[in-house]
Amino acid sequence: MLFQRLFLGVWLIAGLVMMYLALDYQAPFSYEPVGPRAYPMLMLGLMSAGLAYLLIKPTPIDHAHDEKPMDAPTARKVVSCILLLLAYALLFEPFGFVPSSIVAGFLFARLYGGRWLPSLVTSIVMSICLYILFDRILDVPLPLGILDGLEI
Amino acid sequence: METLNFLAQGFGVALTPTNLIIALVGTLIGTVVGLLPGLGPINGVALLIPVAFALGLPPESALILLAAVYLGCEYGGRISSILLNIPGEASTLMTTLDGYPLARKGLAGVALSLSAWSSFIGAFIATCGMVLFAPLLAKWAIAFGPAEYFALMVFAIVCLAGMAGDKPIKTLVASLLGLFLAAIGIDANSGVYRFTFDSIHLADGIQFVVLVLGLFSVSEVLLLLEKTHHGQDAVKATGRMLFNFREAKSVFLTNLRCAVSGFVMGVLPGAGATLASALAYMTEKRMAGEKGEFGKGDLRGLAAPETAIGASCCGAMIPMLTLGVPGSGTTAVMIGALTLYNITPGPLLFQNEPTLVWGLIASLFIANVMLLILNVPMIKVFTKILAVPNWALVPIIAIITSIGVYAVHATTFDLILMVIIGILGYILRKLDFPLSPLLLGFILGGLMEQNLRRALSISNGSMDILWSSGISQVVWLLAIVMLILPMIRIWRRRSLRRKAHMANV
């Protein structure tokens, strides 16, 4: 409940900051009665009102039937998963699709309880197959990155 | 008669070899995506948009692909419900209640084929309803001006909250966040940059593929972390694979009833398959009374939600095609896909793009037949896929999602934005905020603002135009009813609780 209130509070503050920013949005000259400011102001205002209500009277969280309460190991896993996702996103382009996917795929597999060897083999095979499938067959261009010189 | 001509024309489009293959591939991909835990129709459809683009598919073929994936996902979702007791997605939760006990009794094959049959009937009846009602609604919707559209969108948003049951405020806040996010980027009317923080990547707004995949795929990857114990054994589907005539007859009336109610729920904005299946199951259970074996493996309890899901999926396409207002999260994604093709869904679609609309409707018929036929021989393959462990599944989800996002603009910024949105989505899910209203709000936001501004431009700033016509008055009235409904429900529940409390004391 505390975390929920905290999150709602941050969200509300973000909404209010956005409203403050929106105050400046005015068209230099305009042909229509409603400028670019009204709509975001209206939405942010209603959202903030709803958030304020939730802050005062938070609804109890209805847990799914197979959900366990958050414990320290799970929390650690979630944080490392987020970091891994961010690193993958950052390295995707400069590092190239195949190398970054092999590394990220392997680490993901390990994080979700895969054993060393199967994880490694799966991620290598998967990355190369997905590259061929998307880049070569489906025409979705993917970055080669450090493999650029290989002329494949 | 005119309708039949159009339908024939549509079958002409859908029966071309390319489109038949596309529908077949779509149903297969959809079934696999639907049956994997954590992936639903929203992810499946969103992932295929960049692929459809890259392949240079014409809009009607792309829409056929997406619709086939949508139907396939709903078909696939029930396989894990019946064999594993784990709903493949939210809407098939009701299927587990009677499907799993049936599988435990050794009737897994019968349960699977019968649920496929029910789903087929539901989808078939709903598609017939679509053929009958969609052109009428489209004709009627041409009378809609910007003011009426604005009212309609307010109604759609309020409907979401009204249907959300016990958490109307959370739903409302989520959809308002979506409505706000749509305003990010350059304002088309005045050229003002809004909330871009001087980043060129945000100048044309948040790409909706980024939003969808972040909210639904990345957050799912994070949620799956808690379920690493997954490796549950599936019930083996042995013995009789096909249901017999007696079993089909025993659920036929259930099929008919649930198809109609599911169709209506599908057409209503915001209700969708989850609510339709829950309503169908509860109604059938009540109608069966003491005689039913609901919860212990009653065939009707299996047929009811499946029929309703099939029907509501097709029903949800009606508001999408005729009004341009999506009825569910998945149709919202499809609208986004159409806008990428520069096609604005709405009443004029039936006049301007008859091949697209009727081709889609015809291919819904075809995809349903395909799914029904595929179901029996392929079930062994599908059960194999269910055995894929999470550690192999998650990397695939993460990598394919990144490919889907990268394919749109080829920037690192979009990938990072997707992860951030995913984290936000994960927290929102943990806090019990529903995510599909957010998505619907995001899709409706741009339209809503444009229509509001257009309406007020017509009236030169006078607000009266928003409720001056008869149509808009009716829509506003409906919106007010939808607003009051949850309040009454909460108030009634509170007074009941108070009474129970008093009785205890």
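Which residues does B:Val154 touch, not counting those up to four places away in sequence? I looked this up first, keeping in mind that the model is predicted, and found that B:Val154 touches B:Met448 and B:Trp476.

I then placed B:Val154 in its element, which is helix 6 of chain B, residues 146-163. I noted B:Val154 as buried, because its relative accessibility is 16% and the cut-off for buried is under 20%. I also looked up a pair along the chain: B:Glu60 is 94 residues away from B:Val154, and their C-alpha atoms are separated by 29 Å.

Next I turned to the nonpolar cores. The largest has 185 residues, and within it A:Trp11, A:Phe97, A:Phe108 and A:Tyr112 touch the most other members. At least three of its residues come from each of domain 1 (2-56) and domain 2 (72-150) of chain A. For A:Trp11, leaving aside neighbours within four places in sequence, I listed contacts with A:Met47 and A:Leu51 in chain A, and with B:Val173, B:Leu177, B:Leu428 and B:Phe433 in chain B. A second, separate core holds 21 residues, among them B:Ile79 and B:Ala248.

Last, I looked at the surface, where a nonpolar patch with about 930 Å² of accessible area together includes A:Trp116, A:Ile132 and A:Ile137.

Notes:
Residues numbered from 1 in each chain as written. Chains lettered and ligands numbered in written order. Predicted model: local features only at pLDDT ≥ 70, side-chain atom pairs only at ≥ 80, totals over all residues. Heavy atoms only, no water. Patch = residues over 30% accessible without salt bridge, like charges linked within 9 Å, V, L, I, M, F, W, Y side chains within 5 Å. Areas by Shrake-Rupley, 256 points an atom, 1.4 Å probe, with all protein chains shown as cover. Salt bridge = Lys/Arg side-chain N within 4 Å of Asp/Glu carboxyl O. Core = buried A, V, L, I, M, F, W, Y, C linked by side-chain atoms within 4.5 Å. Buried < 20%, exposed > 50% of the residue type's maximum accessible area, 1.4 Å probe, protein only. Domains from an automatic or database assignment. Contact = heavy atoms within 4.5 Å. Helix = DSSP H or I, 4+ residues; strand = E, 2+ residues; numbered from the N terminus.
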